[in-house]
Amino acid sequence: MKHITIFDTTLRDGEQSPGASLFPHEKIRVAKQLQKLGVDVIEPGFPASSPGDFAAVEEISRTVTGVEICGFARALRGDIDAALAATQSAQRRRLHLFISSSQIHLDFQLKKGREEVLGMARDMVSYARQFVDRIEFSPMDATRTGDEFLIEMVEAVIAAGATIINLPDTVGYALPDEYERLFRMVRTQARQGETVEYSAHCHNDLGLAVANSMAAIRGGATHIEATINGIGERAGNCSLEELTMAIATRGETLGVVTGIRREEIYATSRLVSRMMNFPIAYNKAIVGRNAFAHEAGIHQDGLLKNRSTYEIMDPEALGIPRSMIVLGKHSGRHALKKRVGEFGVALTDKQLDNLFISFKELADASKRVSDDQLISLVGDTIDVVIDPYSLKDIQVVTSNQMTRVASVTIVDNETGEASSYSGNGEGPVEAIIHCIKQAIPLDVVFVDLELHSIASGETANGEAAVMVSVDGVSYRGVGIDRDVIMAVSRAYMSACNQAVRAHRLLLQEGLPAAN
Ligand code: KIV
Ligand code: ZN
């Protein structure tokens, strides 16, 4: 099996997504996670573009080891000097130089003739090659450059010392067959074309970035440039998680492997989404919240019998907390029984019949049934309180002048005792969480919050999904309410209750609570 080099450009091309820019300390955090994920190359920024980017590339080169660092530069001496200086402490590095090659770019953007552009490419590659052994060169807009001039440029830069040729589909225009042909054509027809390595860099304007990257592999590319969550200019770049999971799932057929640690995929995706303020579409392959969620009764039934009936990947192997069953109006009795069983409740057939009737009524009225709604329905049906703790009362004072203050009353359902807690924070959510934390006898770490509006208009419900972690194990709670602060509080309480229940089960079984 051939190894495919995964070149991550989340911090360079990905950061070119509108609104996604990062502070240097945030870039360093993401780079460390990329290293954990197992990428081979990190392109951490564009050193000549700003002092902040220069500093981030410099710090990442110094501290992120075991990964090749790529310094990005236009074919200009000043850019190359900045990229050289910023990456000089890297254990392993390459420089990535680019200049446009398509006639459209030459005429309207560079306003230069072919000879002049060829001369710049040749001169700058040989300048950079004096300092660094690995030089990647990109003829920008390669897929809209005619074969003849593309070959001429590739031959010129190989002769000047380039060792990796990237053929970017800058505007996401290529079709898979064409892109595969382009690699094969350049590789076999350019003089010395077989002596260098090839890289693919695809944009997603037609939704073909992953398919085109796979086609490039068939055409002879051994490096793929990709970003986490597929972020990047316009419609984005090739999505790293989609590409690497396609290879992991169908690798036998493709004859290739990558070094990506799939258990880090979800954590990396969430980190990038959070830091770059970039929400992930619900139906995004691999990392979208619906990617492993099943609502249809027939699918749920099949899954409960055998996961492989409707899933080709195991979400838990990607670090995705499993909540494959989404309860809604299409769900059947089998799924309902299973979900209730996960809360440690065994129902008789009669109790299940009763629960199923009230569940369908609620599902019809509210589209989705969240865990806390289900638990309260179960409680009404069998007259037992399942959750260790219940929220009784929440008050929060917000103001634009001072810190937010909250007071929360929580009932311990085992003893029946109600206790009140107060806390403050920079926002109402932080203030409430400080209160709830005091009631929970575990060290709960707040990991993540997603907030969405269900339906539209002023009366829409807010849906909050909160992820917490206890001793390294993640728990996800969902809360739905007209009041978004209440939705977050319910979601947080539900996640904490799951953690407490899991902890108690482990103690009952005599197992150590931490993993
Ligand atoms: O899309 C593109 O062409 C690029 C290059 C400069 C590699 O990002
Ligand atoms: Zn690009």
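**Exercise 1. Sort the shell around ligand 1 into nonpolar, polar and charged residues.**

Start with the list. In this predicted model, ligand 1 is surrounded by R12, D13, F72, H96, F98, S138, M140, N166, P168, T170, H201 and H203. You end up with four nonpolar, six polar and two charged residues.

**Exercise 2. Find the side chains that make polar contacts with ligand 1, then work out how much of the ligand the protein covers.**

Look for N or O pairs within 3.5 Å. Take R12: an N or O atom of its side chain sits 3.0 Å from an oxygen atom of ligand 1. Next comes H201, with a polar side-chain atom 3.1 Å from a ligand 1 oxygen. Then there's H203, where the side-chain N or O atom is 3.0 Å from an oxygen of the ligand. As for cover, ligand 1 has 260 Å² of accessible area on its own, and the protein covers 95% of that. Strands β5 (92-100), β6 (135-140) and β7 (164-169) are the elements that each give two or more residues to the shell.

**Exercise 3. Which residues hold the zinc ion (ligand 2), and how are they spaced in sequence?**

Check the donor atoms: D13 gives OD, while H201 and H203 each give NE2, at 2.0 to 2.1 Å from the zinc ion. Write them in sequence order and you get D-x187-H-x1-H.

Conventions:
Residues numbered from 1 in each chain as written. Chains lettered and ligands numbered in written order. Predicted model: local features only at pLDDT ≥ 70, side-chain atom pairs only at ≥ 80, totals over all residues. Heavy atoms only, no water. Donors = N, O, S within 2.8 Å, 3.2 Å for Na, K, Ca; no water. Near = heavy atom within 4 Å. Polar contact = N/O pair within 3.5 Å; in protein donor to acceptor, adjacent residues only side chain to side chain. Areas by Shrake-Rupley, 256 points an atom, 1.4 Å probe, with all protein chains shown as cover. Helix = DSSP H or I, 4+ residues; strand = E, 2+ residues; numbered from the N terminus. Nonpolar A, V, L, I, M, F, W, Y, C, P; charged D, E, K, R; others polar.
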